[in-house]
Amino acid sequence: MISFVAAVGENNVMGKNNRLPWRLPADARFFKETTLSGSKTMIMGRKTFESLPGVLPGRKHYILTTNKAYRPPDHEDVFVFHSVEEILQKLDPKQEYFVIGGAEIFKLFFPYADRLYITRIYENFDGDTFFPGYDETEWQLVSRREGVIDEKNKYKHTFFVYDRKK
Ligand SMILES: NC(=O)c1ccc[n+]([C@@H]2O[C@H](COP(=O)([O-])OP(=O)(O)OC[C@H]3O[C@@H](n4cnc5c(N)ncnc54)[C@H](OP(=O)(O)O)[C@@H]3O)[C@@H](O)[C@H]2O)c1
């Protein structure tokens with residue numbers, strides 16, 4: 001099973017200058033808990049990998065790049081792939097895998113996605129990367145949970161889960 005994990009602001013903005021446009025620790029916690037479940041494997045584009053503070057503990061990192069010479073830091077949890085098909089072949093259908101972006105990789109994996117974990121942040125941010133448009137009628141809402149606004153989490157946000165309709 002393939003799940004997306006994404007946080008999006010107004011206008012579906014996802015990133016700016018290869019960073020997240022916001023600081024929202026509650027979403028960072030949600031991301032960590034989610035990706036530490038199931039297969040504990042995250043699929044990502046080379047740019048998103050390079051935007052991380054480092055290798056995230058306890059999870060496998062599947063990195064997609066066109067560059068055959070690309071050598072990420074040597075680490076037992078980091079793997080490089082050069083096509084979507086090469087990744088799909090590696091997946092155990094009984095496990096949940098997490099596509100974590102960015103926009104280019106979400107676009108490539110949309111046809112294969114079964115579930116979307118979307119954190120919607122109700123704020124206008126300046127950005128250069130946007131979650132791709134998709135046919136919302138193909139998805140049904142499974143759950144929604146309002147985020148708590150506090151000193152460290154200043155933006156109104158909601159955690160949504162959608163499953164692809166059968
Ligand atoms: N808000 C969120 O939830 C979220 C999540 C993730 C990322 N982000 C943000 O999104 C931005 C990065 O997203 P992005 O769309 O620019 O980049 P990206 O999707 O992370 O990575 C793009 C790279 O993936 C590789 N790639 C793309 N298509 C490929 C294919 N068909 N085969 C093999 N490799 C392929 C290429 O790497 P090479 O150039 O090496 O060939 C390409 O440059 C950052 O600002 C980041 O902070 C936000």
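Residues are numbered from 1 along each chain as its sequence is written. Because the model is predicted, local features need pLDDT of at least 70 and side-chain atom pairs count only at pLDDT 80 or more, whereas totals for chains, interfaces and linings use all residues.

Trainee: Which strands stand at the edges of the sheet?

Mentor: The open sheet has 8 strands in the order β5-β4-β3-β6-β1-β7-β10-β9, with mixed pairing, where two strands pair if DSSP finds at least two bridges between them. Helices (H or I, at least four residues) and strands (E, at least two) are DSSP runs, numbered from the N terminus. Each edge strand has a single partner strand, so one side of each is left without a neighbour in the sheet, and these strands are β5 (78-81) and β9 (139-146).

Trainee: What does the twist average from one strand to the next?

Mentor: The strands concerned are those of the open sheet, whose order runs from β5 to β9. Axes are lines fitted to C-alpha atoms, for helices over the stretch in contact, and angles run from 0 to 180 degrees between N-to-C directions. From one strand to the next, the twist averages 25 degrees.

Trainee: Which residue of β6 does M42 stand opposite?

Mentor: β3 pairs in the parallel sense with β4 (residues 60-64) over 5 bridges, and in β4 M42 stands opposite H61. β3 is also joined by 3 bridges to β6, and these two strands run parallel. In β6, the residue opposite M42 is F98.

Trainee: Is β6 largely enclosed or left open by the rest of the structure?

Mentor: A residue is buried if 20 or more other C-beta atoms lie within 10 Å of its own, exposed if 12 or fewer, and partly exposed in between, with C-beta atoms placed from the backbone. β6 is joined to β1 by 3 bridges in a parallel run, with Y97 as the bridge partner of I2. Since 5 of the 5 residues of β6 are buried, the strand is largely enclosed.

Trainee: Which residues of α1 are exposed?

Mentor: In helix α1 (residues 25-35), the residues D27, F31 and T35 are buried. They cover an arc of only 60 degrees around the axis, which puts them on the same side of α1, the arc being that of the directions from the helix axis to the C-beta atoms. On the other side of the helix, the exposed residues are P25, R29 and E33.

Trainee: What covers the buried residues of α1?

Mentor: Two residues are in contact if their C-beta atoms, placed from the backbone, lie within 7 Å. The cover of the buried residues of α1 includes β1, β3, β6, β7 (115-121) and β10 (157-164).

Trainee: What is the phi of K40?

Mentor: Most residues other than glycine have a negative phi, and most peptide bonds are trans. N18, in the loop between β2 and α1, is not a glycine and yet has a positive phi of about 55 degrees. K40 is found in the loop between α1 and β3 and, with 16 C-beta neighbours inside 10 Å, counts as partly exposed. Its phi is likewise positive in a residue other than glycine, near 55 degrees.

Trainee: With which residues is V161 in contact?

Mentor: V161 is found in strand β10 and counts as partly exposed, with 17 C-beta neighbours inside 10 Å. The C-alpha atoms of V161 and R115 are separated by 7.1 Å, although the two residues are 46 residues apart along the chain. Leaving aside neighbours within four places in sequence, the contacts of V161 are R115, Y117, V142 and S143.

Trainee: Which residues are the closest to the ligand?

Mentor: The ligand is surrounded by 29 residues, a residue being near a molecule or strand if its C-beta atom, placed from the backbone, lies within 6 Å of it. The shell has 11 nonpolar, 13 polar and 5 charged residues, where Ala, Val, Leu, Ile, Met, Phe, Trp, Tyr, Cys and Pro count as nonpolar, Asp, Glu, Lys and Arg as charged, and the others, Gly among them, as polar. Elements that each supply at least two residues of this shell include β2 (13-15), α2 (46-51) and α4 (103-109). The closest residues are G15, G45, T48, G101 and G102.

Trainee: Which residue does a cis peptide bond join to G101?

Mentor: The bond has an omega of about 0 degrees.
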